[in-house]
Amino acid sequence: MTPRRRGGEASPVATAAAETKDRRIVVRSDATVPGLEPLVLYALSTPERATGTASIDRLRLAPVPLVPEVRLVMAEDAIILWARLEAEAGHVLSPPFWASAWTGGQALARYILDHPDTVAGLHVLDVASGSGLVAIAAAMAGTAGVTANDIDPYSIAAISANAHANGVDLTLSSSDLLDGDGDGVDVVLTGDALYHPPVAARMLPFLARVAAKGGRVLVGDPDRATCPMTGWSGWRPTRCR
């Protein structure tokens, strides 16, 4: 199935396709993403490779270490990939956070797959989705629907590809949602979204508004100083091993 944007309409631009394992892969984003499509399509159309066996400026499709049920298109070297994509785009780009499986997201995805009742049958929003790892895990756990949200168009393209690689259906959103309250979703997920104080300063009030409206909030974070351990009603830290 083709991932859909929030509201059900298909993302309009930046589409490329290739045949991979008898299935048509479609890479979609809300804006042009110079240089990304061929790298993604190459990763999806070639056998999975171990880390360090492909060119360092390429992407590879591989299982996630803590969540081997999920395969992601990941960078051999994210810094080299970033430089290549900036050269293709001709301007400065945001760091390719979508090209790595960050520890907080891995832990949260693992928790969801080990405890599917946390999201099963519910409407879920994964905010600052990055690669889409957490959203994909939620879809695998049997939600009523998952929206993967990120403001980076390269991330949206990567999430689209990763959703296809894992055979799940996601709604894609590139809107900045942090001034809202979750729009009535049952569960909000976020992994590794508190990495920088200015980002945390917007994310935490958003999560608080979601919780105040009765939504459940699950955060994956590797004990960063910006992650509150006290002061939230119902806050219950859980360690994933």
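Helices here are DSSP runs of H or I with at least four residues and strands are runs of E with at least two, numbered from the N terminus.

**Ground rules.** I'm working with a predicted model, where local features need pLDDT of at least 70, side-chain atom pairs count only at pLDDT 80 or more, and totals for chains, interfaces and linings use all residues. Residue numbers run from 1 along each chain as its sequence is written, and side-chain values use heavy atoms, leaving out hydrogens and water.

**Tyrosine 195.** I found tyrosine 195 in the loop between strand E9 (187-191) and helix H6 (197-212). Tyrosine 195 counts as partly exposed because its relative accessibility is 40%; the cut-offs are buried under 20% relative accessible area, exposed over 50%, and partly exposed in between (1.4 Å probe, protein chains only).

**Threonine 118.** Next I looked up threonine 118, in the loop between helix H3 (103-114) and strand E6 (123-127). Its relative accessible area is 3%, so threonine 118 is buried. Its side chain reaches the backbone oxygen of histidine 115 at 2.8 Å. I then checked contacts (heavy atoms within 4.5 Å). Leaving aside neighbours within four places in sequence, threonine 118 touches Tyr111, Ile112, Val187, Arg216 and Leu218.

**Whole protein.** I noted six helices and ten strands. Of the 241 residues, 49% are buried. Among contacts with a separation of 6 or more, 61% link residues 24 or more positions apart. The accessible surface (Shrake-Rupley method, 1.4 Å probe; for residues, only the protein chains shown count as cover) comes to about 10900 Å², and 55% of that belongs to carbon and sulfur atoms.

Conventions:
A polar contact is a pair of N or O atoms within 3.5 Å; within protein, one must be able to donate a hydrogen and the other to accept it, and residues adjacent in sequence count only if both atoms are side-chain atoms.
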